[in-house]
Amino acid sequence: MVRCGRHGDHNASSPPGSLTKVDALRLLGRPQRIIIGLASSVTDPSAVVAATATVFPTRPSDSTPGAERRTDIVKRLLLVNGPNLNLLGTREPQIYGHETLADVVALAERVAAEEGLEIRAVQSNHEGMLIDAIHEAREDCAGIVINPGGLTHTSVVLRDALAGVGLPIAEVHLSNVHAREEFRHHSFVSGIASCVIAGAGIQGYEFAIRRLARVMGETPTPA
Ligand SMILES: O=C1C[C@@](O)(C(=O)O)C[C@@H](O)[C@@H]1O
C-alpha cells in the first residue's frame, strides 16, 4: 500500500517501536525507496520478501498543518510509473532519453501546479504495488497519469485496477511504441484511457496532465 499526505491509515495493531507505512512516509523529505509490509504484522523482517516502491513526497509537504483538509480543495493526480522506469536516464537512452525519473516527477509537479493540481508520484517494479496505489487513488485523487512500462502489453490485472477505480486515465509512453517491436503495439490500458500519448518523451507527461486537467474540468466531481 502506498500513500502520501493522508490521515487515518495508521495501523493500530503495529508492534511498539515499529515503523508504520504512514510514519515512513512522513519521514520523507526526498524520494525514497520504502519496504512495504513491515508495518502491520511482521516481526521477523528476514522472513519477508518485501515489495518495494519509490514514493515521491507530495508537495506541499505532508507535515503542512491542515494538509488533510486540502484534499477538499486541491485536486490531486496519481502519477504512476511502472517497471524499469526507475532506470530512466541510463536505460537505453537512445530510446527513452537522458532524463531521469526525478526529472519526470519534477516536470509533472510543475505542470500540475500550473493547472492547480497536486501530484502523488509512485514508481514500482512490482505489479501488486502499483495496483494497491491505484486502488488508494480512489480516496483522494481525481485522475491517474500512468506509464505502465512493459505491463502495458501484458497486464490484465493492471487494466482491471484502472477500470475499477473509475478515474480518468492518461496513458503515457516515452517512446513511440507503435514504431517499435510488434509486441509493443498492443496496450491493455489504452481501451480505458481518456488519452494515449506515445513518442513525445517526457513532454508526454505534460500533455497528459494538461489533458486530464481539462477532462476533470469538464466533469465536475460530485460533492
Ligand atoms: O518500459 C517501457 C517503457 C514504455 O512504456 C515507454 O515509456 O516508452 C514502452 C514500453 O514498451 C516499455 O516496456
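Let's start at Glu 115, which is partly exposed at 31% relative accessible area (partly exposed sits between buried, under 20%, and exposed, over 50%, using a 1.4 Å probe and protein chains only). This is a predicted model, where local features need pLDDT of at least 70, side-chain atom pairs count only at pLDDT 80 or more, and totals for chains, interfaces and linings use all residues. Residues are numbered from 1 along each chain as its sequence is written, and side-chain values use heavy atoms, with hydrogens and water left out.

Glu 115 forms a salt bridge with Arg 210, with the closest N and O atoms 2.8 Å apart (a salt bridge is a side-chain nitrogen of Lys or Arg within 4 Å of a carboxyl oxygen of Asp or Glu). Arg 210 also pairs with Glu 114, this time at 2.6 Å. Since Glu 114 lies in helix α3 (residues 101-114) and Arg 210 in helix α6 (residues 203-218), that pair ties together parts 96 residues apart in sequence (helices are DSSP runs of H or I, at least four residues, numbered from the N terminus). Glu 114 is partly exposed at 48%, and so is Arg 210 at 28%.

Now for the ligand. One of its oxygen atoms is 2.6 Å from an N or O atom in the Ser 175 side chain, and a polar side-chain atom of Arg 184 lies 2.8 Å from a ligand oxygen. On the backbone side, a polar atom of Gly 150 is 3.1 Å from an oxygen of the ligand. Taken alone the ligand exposes 320 Å², and the protein buries 98% of that (accessible areas come from the Shrake-Rupley method with a 1.4 Å probe; for residues, only the protein chains shown count as cover).

Notes: A polar contact is a pair of N or O atoms within 3.5 Å; within protein, one must be able to donate a hydrogen and the other to accept it, and residues adjacent in sequence count only if both atoms are side-chain atoms. Helices (H or I, at least four residues) and strands (E, at least two) are DSSP runs, numbered from the N terminus.
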